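Welcome to this short tour. Open your viewer, keep the selection tool at hand, and we will go from stop to stop together.

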Amino acid sequence: MAASEFEWNISPEKRIKAWGFNRSFPGPILRAKKGDTLVVKVLNNLPEATAIHWHGIRLVSSMDGTSDVQKPIAPGEEFTYKFTVPDAGTFWYHSHYNETEQMEKGMYGGLIVEDETDPIVDHDRILMFDDLKLTVDHNFTKGGALARWMERHDGRQGDTLLVNGKEHFRICMNAGQLERWRIVNAASARYLRFYLGGRPFKVIASDGGLLETPKTVTEALITPGERVEVLAGPFKEGEVFFVESLAYNRRTFAKTKRQRFAAVHVDEPKPSRAYIPERMRNIKPLATKDAPVTRKIKFSVGASLKRGMDFLVNDALHHHDKPVFVGELQVWEISNTSLMDHPFHLHGFFFQVLEMNGVAPEESAWKDTINLPPRSKVKIAWIPDNRPGKWMYHCHILEHHDAGMMAHFEVIDPNSGIVETASPSCMAHS
Ligand code: C2O
Ligand code: CU
Ligand code: CU
């Protein structure tokens, strides 16, 4: 994949100077089979350095794309990412370098990992939601001092709403059919409260693949970084409706409202061959709700004389957290003492949510991103499998991550005595 600047039409009359892969916004959809080894050579033709993170993939530390594990790819240089994809599901790749600008400009794409045991649907598509903040002549902007100050607090939200790089995106489907929509929230900060005008749909998967059973709902909250997969349909011929986001108040300065992202047009009927099993998967719980907490983490917002506001983890900017050891169950209690929402993202590992404000979630799921509502406490469990090295967790509101709401930590294999370092040749798979 070649990263470069290119012209991109977000609508017939609006052209932007995007940054992305293979001159496409979003970049190419990568499809693999569970267990495949992916080899992606990234050539950087941008005027600045970049690095690619494979969000949600349980890969080796050296391929995680952060500045902790690799030297950013300088302009004119290339780097080959090589890793296996052990889990089926919807993932995505995105720049992990100067993200607030590079991701805003389009440096991301979908990564789908399929499995033979996937439910059978009539059509499978990925829908990547995003928003841009553009000037009247369609240029990217950060705005003036006040806008910047607000953006540091709220994260960047714009009024140009995109699905797969297009404004007023149109989904055409056939009546009577059932489609699998893999939804990715690729926005810097915007929360998506996915809504089909009140039509019920089934949620079948989250970050780490299928749920145990489908769940019928009329809306789904998808925070930046998160994935939700839904079954849409069957609908009737001639139906036209919108894919919307309902207002979600994450306590920003900017007011939220209900907004349209795409339109669905239902064409002539076609027979369906869809088959969705009642039980799609078994997810074994890692721990019970009252498992003893092994680590407490605090996300907070503090006043700063210099910067106005600080976004902190355990009261620190770019916190350095204690290491964890391979095979040792982690039960983390993550509290958000601030008055706004933060989507917590853990790199490289899936966790299970044991409880949110004392209540166990209705369904079991593998997650890599979870929303922390204001003044909340969430308890998660995960096990560091044998992939020692440097990892991180952070708020996936890109401006908060950038402001320091993140932590580095290491996974250590106590039996090796050696901690894997940044060497890209070090490809020992567990
Ligand atoms: Cu998708 Cu470090 O994040
Ligand atoms: Cu990630
Ligand atoms: Cu945040």
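Is His53 buried or exposed? Select His53: at 1% relative accessibility, His53 counts as buried, where buried means under 20% relative accessible area, exposed over 50% and partly exposed in between, with a 1.4 Å probe and protein chains only.

Before moving on, note that this is a predicted model, in which local features need pLDDT of at least 70 and side-chain atom pairs count only at pLDDT 80 or more, while totals for chains, interfaces and linings use all residues. Residues are numbered from 1 along each chain as its sequence is written, chains are lettered from A and ligands numbered from 1 in the order in which they are written, and side-chain values use heavy atoms, with hydrogens and water left out.

**Stop 1: the copper ion**

Now select ligand 2, the copper ion: His53 (NE2) and His345 (NE2) coordinate the ion at 1.8 to 1.9 Å. Donors here are N, O and S atoms within 2.8 Å of the metal (3.2 Å for Na, K and Ca); water is not among the atoms, so sites may look incomplete. His53 sits in strand β5 (residues 52-55) and His345 in strand β25 (residues 342-346), so the pair ties together parts that are 292 residues apart in sequence. Helices (H or I, at least four residues) and strands (E, at least two) are DSSP runs, numbered from the N terminus. His345 also counts as buried, at 0% relative accessibility.

**Stop 2**

Look between domains 2 and 3: 26 residues of domain 2 are in contact with 28 residues of domain 3, contact meaning heavy atoms within 4.5 Å.

Five salt bridges are found across this interface, each being a side-chain nitrogen of Lys or Arg within 4 Å of a carboxyl oxygen of Asp or Glu. Next, select Arg152 and Asp310, which form a salt bridge with their closest N and O atoms 3.6 Å apart. Then show α2, which gives five residues, the largest share of the side of domain 2 that touches domain 3.

**Stop 3: Ile397**

Finish at Ile397, in the loop between β29 (389-395) and α3 (398-403). What does Ile397 touch, leaving aside its neighbours within four places in sequence? Its contacts include Asp154, Tyr191, Arg250 and Pro343. At 0% relative accessibility, Ile397 counts as buried.
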